[in-house]
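Hi,

Here is the structure I promised to pass on. Have a look at it first, and then read my notes below.

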Amino acid sequence: MSAQQALAAPAPRARPAARRGSFREALTGWLFSAPFLLIFLAFLALPILASAILSFTDFSLGNLVDPLSARFVGLSNYAKLLRDPNFQQAALTTAIFVVFGTILNLVVGLAAAVALNRGISRFRAVFRVGYYLPVVSSIVAIAVIWRFLFNADFGVVNGALQAIGIKGPDWLGSPTLAVGIIVALMVWRNFGNAMIIFLAGLQGIPNDLYEAARIDGANRWQEFRSITLPMLKPTTLLLTVVTTIGFLQVFEEPFVMTQGGPLNKTRPISMYVYQQGFNFFHQGYASAMAYTLFVVIAAVTLIQFRLLRSET
């Protein structure tokens with residue numbers, strides 16, 4: 001057979017045994033994936049689809065017996081959001097939590113990571129565990145402890161202030177102070193996660209860059225600004241996106257500490273969704289708010305990727 005005939009000859013078909021083996025491998029993979037797929041469909045995919053449908057209806061408590069009796073209202077629920085002052089206040093509160101919480105979380109986490117990477121040499125593992133411990137602790141337990149710490153009558157903070165002759169304020173009774181306390185709690189609980197990820201990013205920066213900068217006469221601040229921050233840009237993007245998404249969905253901290261008060265100033269969107277859906281049983285309206293929050297999360301994430309992604 002010539003070379004041209006060999007090239008023109010059709011490729012040999014797969015053997016039946018090989019095809020059967022490939023089919024068995026695929027079947028085995030699907031069988032192992034089946035439990036997850038069933039759980040995903042039953043507890044995630046179907047509820048997500050159902051809530052999307054509910055957002056276009058006036059589904060409420062009266063429709064629980066006969067769900068098909070819910071009236072289709074189109075975009076009325078979404079239009080109602082624009083006129084709802086309670087939703088506007090919840091959106092403002094959520095924005096405050098996200099902006100101040102995300103910035104402080106990244107700054108404190110980066111500061112702790114830099115200190116552990118270059119400043120603290122002894123008991124480094126102890127500090128890592130101590131900083132990360134709040135992340136894996138129960139948020140409800142932490143919020144309850146903080147609520148007692150800042151109690152106006154018998155809290156530890158006001159007790160310490162009273163010991164030095166200062167009358168402590170009503171921390172959780174003042175809208176401004178309550179928002180600040182919740183932001184501080186969110187940052188204190190979550191900065192350990194940012195610290196661990198920043199620390200991994202710092203350890204991936206070659207030491208040769210710092211040595212070359214020192215030879216050129218750069219000080220510590222110049223090294224941090226010109227080497228550390230640019231090299232941590234992908235890490236910062238990841239943490240910014242993850243932290244923003246988490247703070248947009250904040251619920252436990254204000255729910256346990258203030259129940260959204262005083263004057264609903266600490267009630268985020270997620271808590272307002274919960275109240276409308278499970279306290280007042282306005283399921284259609286709550287579903288519309290939930291999907292609005294989802295769109296906001298997607299839009300903010302896209303903007304962050306556009307602004308912070310690497311130029312490479």
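N77 is buried, with a relative accessible area of 9% (buried means under 20%, exposed over 50%, and partly exposed in between, with a 1.4 Å probe and protein chains only). N77 sits in helix α3, residues 76-83 (helices are DSSP runs of H or I with at least four residues, strands are runs of E with at least two, and both are numbered from the N terminus).

Before I go on, two notes on how to read this. This is a predicted model, in which local features need pLDDT of at least 70 and side-chain atom pairs count only at pLDDT 80 or more, while totals for chains, interfaces and linings use all residues. Residues are numbered from 1 along each chain as its sequence is written, and side-chain values use heavy atoms, with hydrogens and water left out.

Back to N77. Its side chain reaches the backbone oxygen of S55 at 2.9 Å, and a polar atom of that side chain lies 2.8 Å from the backbone oxygen of T57. If you skip the neighbours within four places in sequence, N77 is in contact (heavy atoms within 4.5 Å) with L54, S55, F56, T57, G284, Y285 and A288.

Next, the inside. In soluble globular proteins, nonpolar side chains tend to be buried together. The largest nonpolar core here has 31 residues, and F97, W146, I181, M257 and M289 have the most contacts inside it. By nonpolar core I mean a set of buried Ala, Val, Leu, Ile, Met, Phe, Trp, Tyr and Cys residues joined through side-chain atoms within 4.5 Å. The elements giving two or more residues to this core include α4 (85-119), α8 (175-203) and α14 (283-308). The largest share, seven residues, comes from α8. As for M257, leaving out residues up to four places away in sequence, it touches A143, W146, R147, L172, I181, I182 and L185. A second, separate core has 17 residues, among them L116, M195, L202 and L232.

On the outside, W30, F36, L37, I39, F40, L41, F43, L44 and I48 make up a nonpolar surface patch, with about 970 Å² of accessible area together. Patches like this are made of residues with over 30% relative accessible area and no salt bridge, with nonpolar side chains (Val, Leu, Ile, Met, Phe, Trp, Tyr) joined within 5 Å and like charges within 9 Å. A salt bridge is a side-chain nitrogen of Lys or Arg within 4 Å of a carboxyl oxygen of Asp or Glu, and the areas come from the Shrake-Rupley method with a 1.4 Å probe, where only the protein chains shown count as cover for residues. I39, one of the patch residues, lies in helix α2, residues 16-54.

V296, in α14, is partly exposed at 36%.

Finally, the loops. G261 and P262 are joined by a cis peptide bond, with omega about -5°, and P262 lies in the loop between α12 and α13. L263 is in the loop between α12 and α13 too; it has a positive phi of about 60° although it is not a glycine, and it is exposed at 69%. F281, in the loop between α13 and α14, also has a positive phi of about 60° without being a glycine, and is partly exposed at 29%.

Cheers

Methods. A polar contact is a pair of N or O atoms within 3.5 Å; within protein, one must be able to donate a hydrogen and the other to accept it, and residues adjacent in sequence count only if both atoms are side-chain atoms.
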